[in-house]
Amino acid sequence: GHFAASGEPYFLPWHRMYVCAFEEIIRAVLHDPKFTLPYWNYTSAAAYAVPKEFRMQNDPLWGPLFRPNRNASSNAGQPIFTGQGSASDLSASPAMAENNYLPVGAVSGFNQTLDFGLHGNVHVFTGNSQGMGQIPWAANDPIFWVHHCNIDRIWASWNNAGHANPATSAWLNKTFVFAGPDGKGVKWVVKDYTNTKKCDYRYDRLIGTKLIAAVAESLAPAAVAAPVAVAKSSSGPVALGSTPVRVNLQAVASPSPAAAPAASPLAARLSALPDDHRLYLVINDFKATAQPETLYRVYLDLPDNAPSDPLNSNYVGSFNFFAAVPHGDDHEHADTARSISFDITDIAADLDAKGQLKAEHTVTIVPAKTPFADAKPVIGNISFVEQ
């Protein structure tokens with residue numbers, strides 16, 4: 001399934017057929033025509049680690065799913081990117097943002113972006129050169145199958161978002177041979193597997209959609225979840241100037257008793273974060289009397305001896321006051337303070353994996369350059385919310 005460049009367009013259908021052929025063998029062995037493989041949703045903050053069932057070496061039931069040929073952090077239950085990358089390396093967003101399946105000029109396209117990015121990241125993060133980390137050995141690790149079920153789910157999600165697969169006869173009529181339940185070779189054709197219908201499964205949740213419930217009544221449109229506060233500042237309005245400003249945030253009692261105890265409010269929330277929820281840093285009521293003529297960079301739990309690189313691992317994003325300053329004689333909207341939010345799920349998970357989340361969180365705001373002296377920029381409050 002990992003071809004020369006000319007075969008790269010078949011990465012996704014080949015692996016879908018591979019998974020389906022394996023499922024047919026398992027169904028025959030179990031005499032269970034409804035069996036389907038599960039997927040490992042490592043794009044969710046709650047599942048950045050190898051599922052525990054694959055790490056229970058001596059367990060009488062789950063032991064066969066254990067493999068020693070994994071990176072130490074993988075079998076230790078840490079996020080698989082620990083010591084190698086960051087949570088952003090497990091995001092499906094780069095692939096999902098692609099509009100075309102195949103490359104267009106310098107744009108890689110969905111299939112190639114997913115293959116060379118997230119797909120390869122999970123292989124390298126999880127196993128060593130005699131495991132998931134190298135193609136000839138990868139499928140010997142049972143985690144391979146649930147990894148590729150998730151890759152397949154991401155493809156289904158991309159199609160569900162309105163994106164089309166190739167329509168050429170060369171792509172659609174390409175054939176491959178896989179082992180059938182009787183051990184004999186069976187010819188499979190790409191055009192039969194551009195969706196999951198022939199494989200007889202569908203996913204309970206696609207990226208960007210709600211969980212598919214078992215009862216029809218639950219398929220009605222659901223309201224968007226209301227934001228739930230995780231922590232917030234209590235100091236009132238904060239004036240920004242020409243030097244960094246550090247704001248302390250106090251934890252808000254969790255409404256969820258399922259949240260695991262942790263060293264920090266964000267770490268606790270990450271451990272129980274539902275697949276369709278994210279964590280956000282929200283800055284409310286920022287306004288100025290004049291343009292500061294600079295942007296302000298935002299950092300989460302920045303240490304005192306922070307690296308000189310302004311875009312370090314604590315960096316959340318930046319904001320400006322362009323729309324927060326009254327214009328000319330427009331005094332009607334002069335007191336309309338603005339708000340901005342940043343998705344910090346991956347950043348917080350990355351810091352948590354490194355043990356760098358603080359028990360009492362701070363947000364540091366740093367001007368990118370010396371601001372205009374008379375701007376008087378102010379922010380009202382800062383909070384972390386789950387939504």
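Predicted model: local features only at pLDDT ≥ 70, side-chain atom pairs only at ≥ 80, totals over all residues.
The crossing of α1 and α6 is left-handed. On the α1 side the contact is made by F11, L12, P13, H15, R16, Y18, V19 and F22, and on the α6 side by F144, W145, H148, C149, I151, D152, W155 and A156. By class, the residues of this contact of α1 with α6 divide into 12 nonpolar, two polar and two charged.

The overall description of the protein is as follows. It contains nine helices and 12 strands. Along the principal axes, the C-alpha trace of the protein spans about 80 × 50 × 50 Å. Of the 387 residues in the protein, 42% are buried. Among contacts between residues at least 6 apart in sequence, 70% join residues at least 24 apart.

Helix α6 comprises residues 143–160. With 18 residues at 1.5 Å a residue, α6 should span 26 Å, and the distance of 26 Å between its end C-alpha atoms agrees with this. Helix α6 is mostly covered, 16 of its 18 residues being buried. G162, which follows α6, has a positive phi near 105°.

Two packed helices are described by the angle between their axes and the distance between the axes. For helix α4 (residues 110–126) and α6, the axes cross at roughly 155° and come within 11 Å. That angle makes α4 roughly antiparallel to α6, since angles over 145 degrees are counted in this way. The crossing of α4 and α6 is right-handed, whereas that of α1 and α6 is left-handed. In α4, the residues F110, L114, L118, H119, V122, H123 and T126 meet I143, F144, H147, H148, I151, I154, W155 and W158 in α6. By class, the contact of α4 with α6 has 10 nonpolar, five polar and no charged residues. An α-helix has 3.6 residues a turn, so residues three or four places apart point the same way. Residues F144, H148, I151 and W155 of α6 are listed in the contact with α4 and are also listed in the contact with α1.

Helix α9 (residues 345–353) is likewise mostly covered, with eight of its nine residues buried. The buried residues are T345, D346, I347, A348, A349, D350, L351 and A353. The elements that cover the buried residues of α9 include helix α8 (265–271) and the strands β6 (279–286), β7, β8 and β9 (338–343). Just after α9, G355 takes a positive phi of about 70°.

Positive phi values also occur at residues other than glycine. Most residues other than glycine have a negative phi. D301, although it is not a glycine, has a positive phi of about 50°. D301 is placed in the loop between β7 (296–300) and β8 (315–319). The relative accessible area of D301 is 2%, under the 20% limit, and D301 is therefore buried. K376, which is not a glycine either, has a positive phi of about 50°. K376 lies in the loop between β10 and β11. At 59% relative accessibility, K376 counts as exposed, because the limit for exposed residues is over 50%.

D301 is among the residues touched by T362. T362 is located in strand β10 (residues 362–367). T362 counts as buried because its relative accessibility is 4%. Not counting residues up to four places away in sequence, T362 touches R246, V247, N248, Y299, L300, D301 and L302.

The loop between β10 and β11 (378–379) also holds A373. A373 counts as exposed, with a relative accessibility of 71%. A373 and N71 are separated by 302 residues in sequence, and their C-alpha atoms are 52 Å apart in space.

Note on methods:
Residues numbered from 1 in each chain as written. Heavy atoms only, no water. Helix = DSSP H or I, 4+ residues; strand = E, 2+ residues; numbered from the N terminus. Buried < 20%, exposed > 50% of the residue type's maximum accessible area, 1.4 Å probe, protein only. Contact = heavy atoms within 4.5 Å. Expected span 1.5 Å × (residues − 1). Axes fitted to C-alpha atoms, helices over the stretch in contact; angles between N-to-C directions. Parallel < 35°, antiparallel > 145°, perpendicular 65-115°, else oblique. Left-handed = near helix turned anticlockwise from the far one by under 90°. Nonpolar A, V, L, I, M, F, W, Y, C, P; charged D, E, K, R; others polar.
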